Amino acid sequence: MSGPSTYNPKSGFEKWIDQRLPLPRLMHDTMHTFPTPRNLNIWYTFGGILTFCLAVQIVTGIVLAMHYVANADLAFNSVENIMRNVNYGWLIRYIHANGASMFFLAVYIHMFRGLYYGSYKNPRELIWIIGVLIYLLMMATAFFGYVLPWGQMSFWGATVITNLFSAIPVVGDHIATWLWGDFAVGDATLNRFFSLHYLLPFIIAGVVGLHIWALHVPGNNNPLGIDVKSPQDTVPFHPYYTVKDAFYLVLFVILFAVFVFYAPNFFGNPDNYQPANPLVTPPDIVPEWYLLPFYAMLRSIPNKLMGVIVMGGAIVTLVFIPWLDTSRVRSCRFRPTMKWLFWFFAGACVILGYCGAKPVDAAFAGIPLVWVARLATAYYFAFFWLLMPIIGLIETPKKLPASIAQSVLGDSAAAPAE
Amino acid sequence: MRHTKTALLGLAIGLIAVLPAAAQEEANTERLPPKAVSFSFEGPFGTYDRGALQRGYQVYKEVCAACHSADHLAFHNLMEEGGPGFTEAEVRALAAQARVPAGPDEQGNTTDEKGQPLMRPATLADYFPKPFANEEAARANNGGALPPDLSMIVKAREGGPEYVYSILTGFHEDPPAGFKVVDGKYYNPYFEGRNISMPPPLVANGVTYSDGTKATIDQEAHDVTTFLTWAAEPKMEDRKRMGFGVLIFLIALAGVLFAAYRKVWKDAH
């Protein structure tokens with residue numbers, strides 16, 4: 001699909017540019033004429049939404065950094081100063097703070113969509129793996145960012161997460177000290193986290209470029225999971241998908257705005273409006289919602305090192321999905337068994353999130369949550385390492401449609417409709 | 001394998017035996033959910049009740065400020081849009097009543113002849129005066145407990161305004177049989193652990209409202225909670241107003257885009 005370019009420079013100026021730096025040609029071929037399957041549904045609009053989220057976080061973040069002070073004694077008050085005294089500082093900060101949650105909401109939908117429609121399968125393995133890398137970078141960036149206001153949850157979250165590295169045998173404590181730049185989380189830690197929090201989004205932007213580049217070689221997967229076979233199966237990206245993406249983006253922004261303007265602290269933890277105090281540990285240290293499933297895994301394992309390995313393993317597992325899935329069929333639409341297992345998997349992730357949000361000794365209807373989390377963790381790994389390879393071999397997929405065009409337009413598609 | 005099973009069974013029986021007793025113990029010390037109470041600032045169009053803000057400021061100044069600081073509030077905030085709505089003259093007068101540490105005088109002295117730190121009347125630009133010079137002084141005067149700063153108390157507590165209101169009105173209840181009120185502490189079922197170091201701060205007619213409102217404990221608590229909510233979120237009215245405009249715009253934009261989307265795709269499927 002990344003076939004010959006259809007760019008045709010019209011003016012002499014465009015020709016002059018095209019011979020020297022064919023940037024307009026690149027834009028034309030990737031964002032205008034790019035042939036895109038005509039059957040992409042709402043779940044395929046989240047790639048564009050995520051690009052928007054990244055841009056919003058970078059722009060608001062740069063403005064916040066103009067007023068924020070990365071110093072353990074001043075950070076908390078500098079954030080309050082932004083909220084109270086900087087013109088529209090409250091708006092910028094609430095957009096940035098809620099933007100992180102919206103970013104993760106979108107990335108989870110994007111990932112589950114890829115999982116459901118088999119978008120990681122040959123020939124799109126690298127797109128998926130680069131995506132996992134972006135997800136990892138996003139988690140790191142979000143974690144560093146959450147530390148910056150230097151509230152109670154910032155401080156204790158940083159302490160808990162960095163302490164995980166001390167679980168590594170022999171060198172663990174040295175690694176933790178090296179990460180802190182001190183013998184505990186303190187001013188040095190805050191400064192380096194700020195530096196990294198500013199750096200990583202630009203690295204994410206670069207890796208997103210690779211993600212899109214890799215996408216534009218085979219082109220989009222689609223809800224049917226079958227290859228594009230003829231030009232009839234596709235429509236040009238512009239105006240078909242520019243307008244569709246724009247419409248759904250605005251719906252997403254409406255949700256975003258409801259949080260920013262009417263429930264700006266919905267995703268926040270009240271403890272983070274108290275300045276960091278190394279002498280007072282909050283009764284429950286909870287990470288942001290998007291990290292809760294992994295936190296639940298960590299806490300459900302009694303051994304610290306094993307817990308860290310399981311948590312890390314849960315993310316590393318994602319890299320291997322393209323080879324763990326043995327099915328020849330991509331889309332779960334045509335995989336009667338896998339479809340159910342997928343929804344159980346989504347359910348397990350939600351349950352893990354719920355367990356992670358509750359105190360460690362909590363119970364639901366008399367069942368200790370730690371056992372619920374263990375069960376869900378077991379399913380998480382079993383789904384990828386056992387069910388995916390086995391089901392792919394034994395499942396009888398439903399009959400695939402002959403082509404995208406036939407599926408969308410009916411049999412009359414044999415005659416060109418455009 | 002059998003050992004594991006036996007152990008699990010034993011654990012289950014043990015849990016069943018222990019749970020009810022533990023639950024009762026917990027019910028005694030676990031805090032009650034905050035009282036359901038309604039405020040003018042709730043909902044997407046809610047605004048702060050100016051009268052309540054002004055009365056609440058009076059309660060804060062005459063009662064709370066004796067022990068609690070509000071470090072993020074400056075006098076000029078009291079006359080800002082979306083706030084209590086005092087006039088500049090009123091705020092100047094309020095500020096002049098407060099005394100804040102002064103800088104060195106022309107001779108470079110920081111203390112007077114008696115060795116006391118130099119003080120001056122506050123101005124619009126000054127932040128609210130602190131009740132204690134430092135944390136140690138605050139603890140020494142409060143039986144070892146540190147009165148928390150109140151600027152963000154409403155946002156820093158689960159339950160927000162309802163929690164603050166419940167704490168303020170949650171005294172004067174009899175502790176359940178068997179509950180031990182720690183020496184020097186007070187019973188308040190809305191506080192975690194139910195032993196609170198703060199003595200009941202509000203009494204009926206503890207303040208005299210100039211607008212004739214009857215100063216019951218409920219009224220005082222309601223007013224000061226409104227004031228503290230504004231203190232934590234002074235831009236709330238601006239935020240909700242702007243949000244309304246933004247949403248109207250976005251919904252209109254979505255409508256236009258939907259029409260364009262339908263038109264573009266009309267022949268494509």
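This is a predicted model: local features need pLDDT of at least 70, side-chain atom pairs count only at pLDDT 80 or more; totals for chains, interfaces and linings use all residues.
Reader: Is A:Y117 buried or exposed?
Author: The cut-off for burial is 20 or more other C-beta atoms within 10 Å. A:Y117 has 23 C-beta neighbours inside 10 Å, and therefore it counts as buried.

Reader: Which residues is A:Y117 in contact with, leaving aside its neighbours within four places in sequence?
Author: The residue A:L352 is 235 residues apart from A:Y117 along the chain, and their C-alpha atoms are separated by 23 Å. The contacts of A:Y117, once neighbours within four places in sequence are left aside, are A:N221, A:P223, A:G225, A:R330, A:S331 and A:C332.

Reader: How are helices α5 and α6 of chain A oriented towards one another?
Author: Helix α5 spans residues 89-116 of chain A and helix α6 residues 125-147; their axes lie 12 Å apart and form an angle of about 160°. Angles over 145 degrees count as roughly antiparallel. It follows that α5(A) and α6(A) are roughly antiparallel.

Reader: How do the residues of the contact of α5(A) with α6(A) divide into nonpolar, polar and charged?
Author: From α5(A), the residues A:A100, A:F103, A:V107, A:M111 and A:G114 meet A:W128, A:Y135, A:M138, A:A142 and A:G145 of α6(A). The division of the residues in this contact of α5(A) with α6(A) is eight nonpolar, two polar and no charged.

Reader: What is the handedness of the crossing of α5(A) and α6(A), and what is that of α3(A) and α10(A)?
Author: For α5(A) and α6(A), the crossing is left-handed. For α3(A) and α10(A), the crossing is right-handed.

Reader: How is α3(A) oriented towards α10(A)?
Author: Helix α3 covers residues 46-67 of chain A and helix α10 residues 237-262; the two pack with axes 9 Å apart, at an angle of about 55°. This angle makes α3(A), relative to α10(A), oblique.

Reader: Which residues make the contact of α3(A) with α10(A)?
Author: The residues in this contact of α3(A) with α10(A) comprise four nonpolar, one polar and one charged. On the α10(A) side they are A:D245, A:L249 and A:F252, and on the α3(A) side A:G48, A:I49 and A:F52.

Reader: Where is A:P239 placed, and what is the omega of the bond that joins A:H238 and A:P239?
Author: A:P239 has its place in helix α10 of chain A. The peptide bond joining A:H238 and A:P239 is cis, with an omega of about 5°.

Reader: Is A:W150 buried or exposed?
Author: A:W150 is found in the loop between α6 and α7 of chain A. Its phi is positive, about 55°, although the residue is not a glycine. Because 25 other C-beta atoms lie within 10 Å, A:W150 is buried.

Reader: In what order do the elements of chain B run from the N terminus on?
Author: Chain B contains seven helices and four strands. From the N terminus on, these elements of chain B run α-α-α-β-β-α-α-β-β-α-α.

Reader: Which helix of chain B is included in what covers the buried residues of α2(B)?
Author: Helix α2 of chain B, residues 50-62, has 13 residues and reaches 18 Å from its first C-alpha to its last. Its buried residues include B:L53, B:Y57 and B:V59. Among the elements that cover the buried residues of α2(B) is a helix of residues 217-232 in chain B, α6.

Reader: How many residues does the contact between the chains take from chain B and from chain A?
Author: The contact has two sides, one from each chain, and takes 25 residues from chain A and 28 residues from chain B. On the side of chain B that touches chain A, the residues divide into 18 nonpolar, three polar and seven charged.

Methods
Residues are numbered from 1 along each chain as its sequence is written. Chains are lettered from A and ligands numbered from 1 in the order in which they are written. The expected span of a helix is 1.5 Å times one less than its number of residues. A residue is buried if 20 or more other C-beta atoms lie within 10 Å of its own, exposed if 12 or fewer, and partly exposed in between; C-beta atoms are placed from the backbone. Two residues are in contact if their C-beta atoms, placed from the backbone, lie within 7 Å. Ala, Val, Leu, Ile, Met, Phe, Trp, Tyr, Cys and Pro count as nonpolar, Asp, Glu, Lys and Arg as charged, and the others, Gly among them, as polar. Axes are lines fitted to C-alpha atoms, for helices over the stretch in contact, and angles run from 0 to 180 degrees between N-to-C directions. Angles under 35 degrees count as roughly parallel, over 145 as roughly antiparallel, 65 to 115 as roughly perpendicular and the rest as oblique. A crossing is left-handed if the near helix is turned anticlockwise from the far one by less than a right angle, and right-handed if clockwise.
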